[in-house]
Amino acid sequence: MAFDLLLRHGTLADGSGTPLRPADVGVTGDRIAAVGDLSAVADADVALVIDARGLVVAPGFVDPHGHSDGNVLVDGALASHLHQGYTTQLSGNCGFTFAPLNDVSRPGIEPELEALGLDPAWRTFGEYLDAVDAVALGPNVAFLLGHGTVRGAVLGADDRAPTDAELAAMVGHAEEAMDAGAIGLSSGLIYAPGIHGTPDEVAALVAAAYRRGGLYATHMRNESAGVHAAIEEAIVTARVAGERAGRPGRLQVSHLKAGARAVWGEGAALVRRIERARADGLDAAADQYPYTAASTTLATLLPPEVLALDPDDAAAALRDRATRARIRELQASGISGWENVAQDPGWDGIVIARSASRPEWNGRSLAALAGDLGGDPFDLALDVLADDRLAVDIVLHCMDEGDLEAIMGVPWIAVCTDAGGRRPGHPVLDDGVPHPRAYGSTARVLGRYVRERGVLPLETAVAKLSAVPAARLGLADRGQVRVGWAADLVAFDPVTVIDEATYERPARYPTGIAHVIVNGRLAIRDGAETGDLPGRLLRRA
Ligand SMILES: [Zn+2]
């Protein structure tokens with residue numbers, strides 16, 4: 001056999017950003033064996049020939065910012081990612097991971113574990129990775145270690161700086177995770193318990209990642225009125241950590257956005273701020289999902305003092321009349337640096353995505369619910385937070401299209417989903433009315449922003465979906481179609497590719513993504529899952 005697999009007559013976008021060109025791609029085992037005119041190879045000499053006429057053949061897409069940490073243990077196929085053409089996903093973002101797990105951190109993680117029906121046996125990050133490694137996987141998966149989870153394992157929900165001994169214990173967790181194969185460290189500085197992290201503590205953990213060649217990805221402390229200061233904080237953290245580590249490291253600003261009316265129109269200025277750091281020698285970049293709504297937890301409504309409580313204690317506090325009055329007052333007056341979504345975008349823009357206690361609220365805004373139920377949106381929000389022990393997801397309509405497109409056009413900013421793998425009709429992985437980005441991100445970039453709106457060329461979009469994020473993850477042989485590289489490939493129809501997922505009906509696969517090949521094996525053929533699960537756990541090299 002000349003090849004195990006041969007894609008004939010396709011148009012190649014190789015991930016480097018260079019112009020499209022006609023090329024066949026031959027695969028042997030899990031590697032790309034040949035790229036170019038392979039018309040001299042007879043069909044009889046190939047185990048499987050795929051006619052890619054009319055299709056763009058590209059490197060399999062790499063999602064640099066995902067949240068499949070638990071989902072991957074429920075259904076390793078990560079179907080919503082496969083159907084988008086993803087062949088690799090990085091999870092463990094926004095400071096949140098499912099390890100390290102101990103008696104101190106467990107209460108904070110418990111609601112999420114319960115929602116997924118998981119009863120973990122692991123404790124260390126390495127044991128968690130081993131659990132993932134034992135699962136049959138659709139795409140390849142890799143993981144960051146979450147700063148918030150590490151903090152929770154040492155300090156619980158406490159709102160205070162760590163002692164020297166506690167900080168040493170946190171660094172110990174980071175070193176263990178990095179040595180077990182974590183790609184780097186993430187932070188989520190608006191979420192409990194990461195919100196309580198001090199700059200010094202975060203820098204100490206990032207330095208531990210940098211010492212081992214890892215990445216630092218941050219959901220910054222503020223993406224609204226304080227976003228400029230938050231970018232500066234991220235840059236300073238990366239510089240300080242690089243100095244401590246004795247070697248510079250990579251900084252990834254997660255899901256870059258101008259996330260409040262107060263900063264609409266500043267998308268390009270945010271890009272320039274990161275560009276200045278790049279010009280000054282910092283290896284900084286960012287990612288973005290292609291939607292003007294965000295998705296997060298309703299608990300971001302709560303001030304840091306409430307987020308310093310375990311979920312059960314927080315639920316009790318929210319039922320207390322005096323505490324409610326104080327939270328209402330803080331929302332009206334604001335706290336420096338705290339994102340205050342009740343003010344901006346306001347109750348109209350806050351849509352419940354998932355509530356266990358009130359599934360009938362899923363897909364509805366707090367303003368609309370208050371209109372129907374005759375209550376105050378603030379009280380409705382705190383009621384549902386208390387009953388669901390803070391585990392309520394929301395979709396937040398907070399961005400402007402102009403900013404989105406200004407960021408989208410930047411070649412070095414990767415595309416991400418910011419979502420976990422889902423599956424329509426699945427008893428666990430189809431709950432609620434989630435953000436459509438889980439199903440539609442790649443096709444929305446290729447269909448809406450490349451073809452329909454002309455925001456960026458196809459070759460650039462493919463690079464932002466493949467080579468650009470692969471390099472951030474430090475994957476040396478993925479993200480481009482090159483001889484000798486891993487045979488992760490996607491073939492899509494540039495004329496028809498489009499997202500079908502909407503805010504009202506998110507659980508719909510995109511149109512136009514025909515074939516997805518992971519490690520040389522077809523996971524999607526003619527738009528349907530083959531049932532083969534060729535993915536692997538990728539540990540940091
Ligand atoms: Zn985030």
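Modeller: Axes here are lines fitted to C-alpha atoms, for helices over the stretch in contact, with angles from 0 to 180 degrees between N-to-C directions. The model is predicted: local features need pLDDT of at least 70, side-chain atom pairs count only at pLDDT 80 or more, and totals for chains, interfaces and linings use all residues. Residues are numbered from 1 along each chain as its sequence is written.

Biologist: What makes α4 roughly parallel to α6?

Modeller: The axes of α4 (residues 125-133) and α6 (residues 164-180) cross at roughly 30° and come within 8 Å. Angles under 35 degrees count as roughly parallel, so α4 is roughly parallel to α6. Helices are DSSP runs of H or I, at least four residues, and strands are runs of E, at least two, numbered from the N terminus.

Biologist: Which residues of α4 and α6 meet?

Modeller: Phe125, Gly126 and Leu129 in α4 meet Glu176, Ala177 and Ala180 in α6; contact requires C-beta atoms, placed from the backbone, within 7 Å.

Biologist: Why is strand β12 called mostly covered?

Modeller: A residue is buried if 20 or more other C-beta atoms lie within 10 Å of its own, exposed if 12 or fewer, and partly exposed in between. In β12 (residues 184-188), five of five residues are buried.

Biologist: How do you know that β12 pairs with β13?

Modeller: Pairing needs at least two bridges found by DSSP. β12 and β13 (residues 215-219) have five, in the parallel sense, with serine 186 opposite alanine 217 in β13. Strand β11 (residues 145-146) also pairs with β12 in the parallel sense, over two bridges; leucine 145 stands opposite leucine 185 in β12.

How values were computed: Parallel < 35°, antiparallel > 145°, perpendicular 65-115°, else oblique. Contact = placed C-beta atoms within 7 Å.
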